Amino acid sequence: MAWETIKKSQHDLRVTPNLEDYDHTCADFSWDAVRRALDGLPAGAGLNIAHEAVDRYVAGPLSGRLALRFLSKRGETRDFTYRQLGSETSRFANVLRRLGVAKGERVFVLAGRIPELYIAALGTLKNGSVFCPLFSAFGPAPIRQRIAIGDGRVLVTTAALYRRKVEQLRSVLPGLRHVLLAGSSDEIRGLPGTLDYRLLMDEAEDRFVIPPTDPEDLALLHFTSGTTGTPKGAMHVHQAVVAHHATASYALDFHPEDVFWCTADPGWVTGTSYGIIAPLTHGITSVIDEAEFDAERWYSILQNQRVTIWYTAPTAVRMMMKAGTDIIRGYDLRRLRFIASVGEPLNPEAVVWGREAFGLPIHDNWWQTETGGIMIANYPAMDIRPGSMGRPLPGIEAAIVRHRPDKSVEPMDEPGTQGELALRPGWPSMFRGYLNEEERYRKCFNSGWYLTGDLATRDADGYFWFVGRADDVIKSSGHLIGPFEVESVLLEHPAVAEAGVIGKPDPVAGEVVKAFVALKPAYAPGEELRLDLLGFARKRLGAVVAPKEIDFVAGVPKTRSGKIMRRLLKARELGLPEGDTSTLESE
Ligand code: AMP
């Protein structure tokens, strides 16, 4: 079929969008109504994410429908119907129960996108325990810190990841009682202090009755980074599922026959809220690819799996743009009807490119770990303004606020004025705290608003436009990285006296991590030391978090109170004006 015909026929596949009339839907919307549309635990025993995602379908007409299809790196396919997912997740819940893992205790998973991760996540929720994903590309330092802060009781991982990253940490993580290893028994044998995931699962019963769950019971713990201090564990409750379900309906336009592909890793919040939970609550099929980005592979997945809705990220879109439009022509992508993207600014050229390449625009949407679900989006029924994040979801009140001299904030109604993006608290997936950090949580709220830490504007028609972060956190390939975490590891190297870390703009990754390092007197800068430092950081932090570039400097600029002036490092790196340096004390 000619390319033009393919593009035209795509439009024939369009369904009536779930959100057809924005103003009406917003006016009629209530979270209570969404909650009522969900099932709830039998006999009024509460609300549990895993019941809404799995068990409600097990006994019904959708039990035989494909829930999850896993594509392995090696080309194998593993399918789970809703019924099979029900059995496997019940087995995992029974494993936890047998191990004595209690309600509210944390179950960490460190794994790539393999079935065991998804089964452990949902089985953990069934047991009333708390699921906490760890990105598999993390090195030992971020893993250790997160398990320690989260007081992890159980870790599910693979034998290979365990050997490389976790074994060395066992003595410093005494609270971590059980480590379950997925993989072949041969690999696992000989690793003391671990349990064989498969053996435990085989011994477990495939029926499990979810205990009563209060909608406000803790369900998910997602670590995120700030400018300073340790990573923060954002706490989400079972009630979040109300938002996962509703937002997916409006911003991702799920319909019963859809095949959905969310390319995000569950190590980050998108990969959990929309890569695991939301599509299951809609009873649709999800495709999960274990492999990393590869343009040809991705196009063949879209084609062969007959993907209808695709949720991806700007870095991936930019990598596809780089690979060129010509390769797409070899694929039949007629099933694809909706593309959305999240995690970092989606440049207008990418939106336009989507139209050219797929005959479909790419719909940007915005949210963050703390919000638990999509807050602002471009919807299928509305015109996209390329470069804009779209308009708030029904049920969400967003504003641009300014900080008053008395430290309170107020919304600014004048269109186009830049300020901090704020949300009115109260939506179901709002985080309920940072684990054990009440003060840090409290500081996120002011004058009745939740402050997002993002700078943005709103135009006269209510579309929001991202400007940048109000703080120094780094977004690299969609991953949020705290500069402090990177600086702390660099300081552990014997040669390093001071370290300052910034996000350096990059045409594909958005930003890359760049470090400025001042050496101790006994050390001299040089290529060998630079490579040693890069390798040291990579080994400790993992490839996503470690700096890609290191520059040697005589001193790192600091304020009088000793805070690193990353803003100044960045301005110098980019050759921009240094701005106000009155607080500069030393460097
Ligand atoms: P995370 O908590 O890791 O999901 O990161 C959330 C942050 O990513 C937000 O506060 C924004 O700074 C950024 N972000 C997410 N979505 C978008 C978007 N559509 N456009 C621009 N920035 C985004």
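These legends describe close-up views of a predicted model. Residues are numbered from 1 along each chain as its sequence is written. Local features need pLDDT of at least 70 and side-chain atom pairs count only at pLDDT 80 or more, while totals for chains, interfaces and linings use all residues; side-chain values use heavy atoms, with hydrogens and water left out.

**View 1. The two domains and the contact between them.** The domain assignment, which is automatic or from a database, gives domain 1 (22-458) and domain 2 (472-574). Their centres, taken over C-alpha atoms, are separated by 29 Å. The contact (heavy atoms within 4.5 Å) takes 24 residues from domain 1 and 25 residues from domain 2. The two domains bury about 1,700 Å² between them, 59% of it on carbon and sulfur atoms; buried area is the accessible area (1.4 Å probe) that two parts lose on being put together, summed over both. In domain 1, the residues that lose the most area to domain 2 are Ser225, Thr227 and Trp268, together 29% of what that side buries.

View 2. The rule finds one salt bridge between domain 1 and domain 2, a salt bridge being a side-chain nitrogen of Lys or Arg within 4 Å of a carboxyl oxygen of Asp or Glu. The side chains of glutamate 485 and arginine 146 form a salt bridge with an N to O distance of 2.6 Å. On the side of domain 1 that touches domain 2, the elements giving two or more residues are α7 (140-150) and α14 (314-323); helices (H or I, at least four residues) and strands (E, at least two) are DSSP runs, numbered from the N terminus. The largest share, five residues, comes from α7.

**View 3. Serine 63 in its loop.** Serine 63 is placed in the loop between α4 (49-58) and β1 (66-71). Its relative accessible area is 9%, so serine 63 is buried (buried is under 20%, exposed over 50%, partly exposed in between; 1.4 Å probe, protein chains only). Not counting residues up to four places away in sequence, serine 63 touches Tyr57, Val58, Thr81, Tyr82 and Arg83.

**View 4. Arginine 424 and its neighbours.** Arginine 424 lies in the loop between β19 (419-423) and α16 (438-442). With a relative accessible area of 34%, arginine 424 is partly exposed. Leaving aside residues up to four places away in sequence, arginine 424 touches Glu397, Ser447, Gly448 and Trp449. The arginine 424 side chain reaches the backbone oxygen of glycine 448 at 3.1 Å.

View 5. Arginine 56 and glutamate 52 both lie in helix α4, four residues apart, about one turn of the helix. Their side chains meet in a salt bridge at 3.6 Å, N to O. Arginine 56 is partly exposed at 23% relative accessibility, whereas glutamate 52 is buried at 0%.

**View 6. A salt bridge between two helices.** Glutamate 88 and arginine 198 meet through their side chains in a salt bridge (3.8 Å, N to O). Glutamate 88 is in helix α5 (residues 82-98) and arginine 198 in helix α10 (residues 197-203), so the pair ties together parts that are 110 residues apart in sequence. Glutamate 88 is buried, at 14% relative accessible area, and arginine 198 is partly exposed, at 30%.

How values were computed: A polar contact is a pair of N or O atoms within 3.5 Å; within protein, one must be able to donate a hydrogen and the other to accept it, and residues adjacent in sequence count only if both atoms are side-chain atoms.
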